[in-house]
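Please look through the sequence and the 3D structure shown here before reading on. The report that follows takes a few places in turn and describes each of them in words.

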Amino acid sequence: MDRSIIHVDMDAFYAAVEQRDDPSLVGKPIIIGGLSDRGVVCTASYEARKYGIHSAMSARVAKRLCPNGIYLPTNMEKYKRVSKEVHSILQRYSNTIEPVSIDEAFLDTTGSDPISIANRIKEDIRRELRLTASVGVSINKFLAKLASDMEKPDGLTIIRGEEAVELLKPLPVTKLWGVGPRMERELNKLGIYYIGDIQEYDREVLISIFGKRGKEIYDFSYGIDHRPVEDHILNQSIGEEETFREDIGDMDFLIDRLENYAFNLSNKLKSKAYLIKTITVKVKYKDFSVETRSLTLTMATNSYEDIFKTGKHILTTRFEFHDKIRLLGLTVSNLIYPEDPIQLSLDI
Ligand SMILES: [Mg+2]
């Protein structure tokens, strides 16, 4: 039996939440993030996108394109809260939900009518949260995500299994899950520009060049994707922490321990092929008070060096130590799929 998979993607999520909560922002070019010149745009409202602004663009470029835009700081606590509200709406319609990021999720609705569910999800989100989502319905995750991206904002797009091969044929290879600019260049060298070119390419040659990825993009080019909707991952964080036998006041010792945690976390991430964007250091003092400090990177990573260096930076610059330390922790969160091109994962 064919599966039925729904991909829900909130439209210009952060900007839409801010516009909802402050009517004076409605209809205006809103840019979230990128307050400092060295910052990066997190989300641009549709009005701001008309100026060519998109997520992951440097703030300097954005300000040149749209000097009169309204630049707002990110309010992650608020967006997380709304994200939870979205999630609880999704839970009404499936027990198998995979949050991909703060504003995106897959649902497996096999056995039910996915189109009526998609309509109800959109309606609930509109009525209860006063926000819009673009929804894709298909037979697997790749096609459902492709579908949700075809009509934005407020879209509902269905890709039926039998239309997939023809529909994919004229699309550029970058529409395949996991084909970013680097992979695109490699494919172009082989004379492959469109998904149809991959359909006609020799599968064994692709596998000999790209290994597992070669098989994957060949399958994707025919709309084949067997990956399950994973309902137990990605919405949590992975962390290591340790309570010391004695309270510690020695920074070098703490940095050493942090290096150890970073090494373990990086291995765990690599074994599951995840990337992360947020790194948090937790400190519990001798008097049992707890402080945490986080940093979110602009590029997702799973490298031990990135995690360690960022953790060390947080530990040595973001705390005002008022006492010895009895517990130190390092946590990574904001997990994303490495197959996602970075721009996509930032497109929130
Ligand atoms: Mg989105």
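Pro153 sits in the loop that runs between helix H6 (141-150) and strand E8 (156-158), where helices (H or I, at least four residues) and strands (E, at least two) are DSSP runs numbered from the N terminus. The model is a predicted one, in which local features need pLDDT of at least 70 and side-chain atom pairs count only at pLDDT 80 or more, while totals for chains, interfaces and linings use all residues. Residues are numbered from 1 along each chain as its sequence is written, and side-chain values use heavy atoms, with hydrogens and water left out.

The peptide bond leading from Lys152 to Pro153 is cis, with an omega near -10°. Asp154 is also placed in the loop between H6 and E8, and its phi is near 60°, a positive value in a residue other than glycine. As background, most residues other than glycine have a negative phi, and most peptide bonds are trans. Asp154 counts as partly exposed because its relative accessibility is 31%; buried means under 20% relative accessible area, exposed means over 50%, and partly exposed lies in between (1.4 Å probe, protein chains only).

Asp124 is found in helix H5, and with a relative accessible area of 7% it is buried. Its side chain is joined to that of Arg92 by a polar contact of 3.0 Å; such a contact is a pair of N or O atoms within 3.5 Å, where within protein one atom must be able to donate a hydrogen and the other to accept it, and residues adjacent in sequence count only if both atoms are side-chain atoms. Not counting residues up to four places away in sequence, Asp124 touches Ile89, Arg92, Tyr93 and Leu129, contact being defined as heavy atoms within 4.5 Å.

Arg130 belongs to the loop between helix H5 (114-129) and strand E7 (133-138), and its phi is near 55°, which is a positive value in a residue other than glycine. Arg130 is exposed, since its relative accessible area is 57%.

## The magnesium site and Glu104

The magnesium ion is coordinated by Asp9 (OD), Met10 (O) and Asp103 (OD), at 2.2 to 2.4 Å. Donors are N, O and S atoms within 2.8 Å of the metal (3.2 Å for Na, K and Ca), and because water is not among the atoms, sites may look incomplete. Along the sequence, the donor residues of this ion are spaced D-M-x92-D. Asp9 is buried, with a relative accessible area of 7%, and Met10 is buried as well, with a value of 3%.

Glu104 lies in strand E6 (residues 104-108) and, at 8% relative accessibility, counts as buried. Leaving aside neighbours within four places in sequence, Glu104 is in contact with His7, Val8, Asp9, Glu98, Pro99 and Lys145.

## Helix H12

Helix H12 (residues 251-272) has 22 residues, which at 1.5 Å a residue should span 32 Å, and this agrees with its end C-alpha atoms, which are 32 Å apart; the expected span is 1.5 Å times one less than the number of residues. The buried residues of H12 are Leu254, Ile255, Leu258, Tyr261, Ala262, Leu265, Ser266 and Leu269. Seen down the axis of H12, these buried residues fall within an arc of 140°, so they line one face of the helix, the arc being that of the directions from the helix axis to the C-beta atoms.

The buried residues of H12 pack against strand E9 (238-248), strand E10 (276-285), helix H13 (304-317) and strand E12 (325-333), whereas the face turned away from the buried side carries the exposed residues Asp252 and Ser271. At the N-terminal end, Asp250 caps H12, with a side-chain oxygen that lies 3.0 Å from the backbone nitrogen of Asp252. Just after H12, Ala273 takes a positive phi of about 60°.

## Cysteines

If a disulfide is taken as a pair of cysteine sulfur atoms within 2.5 Å, the count comes to 0 disulfides. Cys42 is in no disulfide, and the nearest cysteine sulfur, that of Cys66, is 16 Å away, a distance that is too far for a bond. Cys42 counts as partly exposed at 24% relative accessibility, whereas Cys66 counts as buried at 2%.
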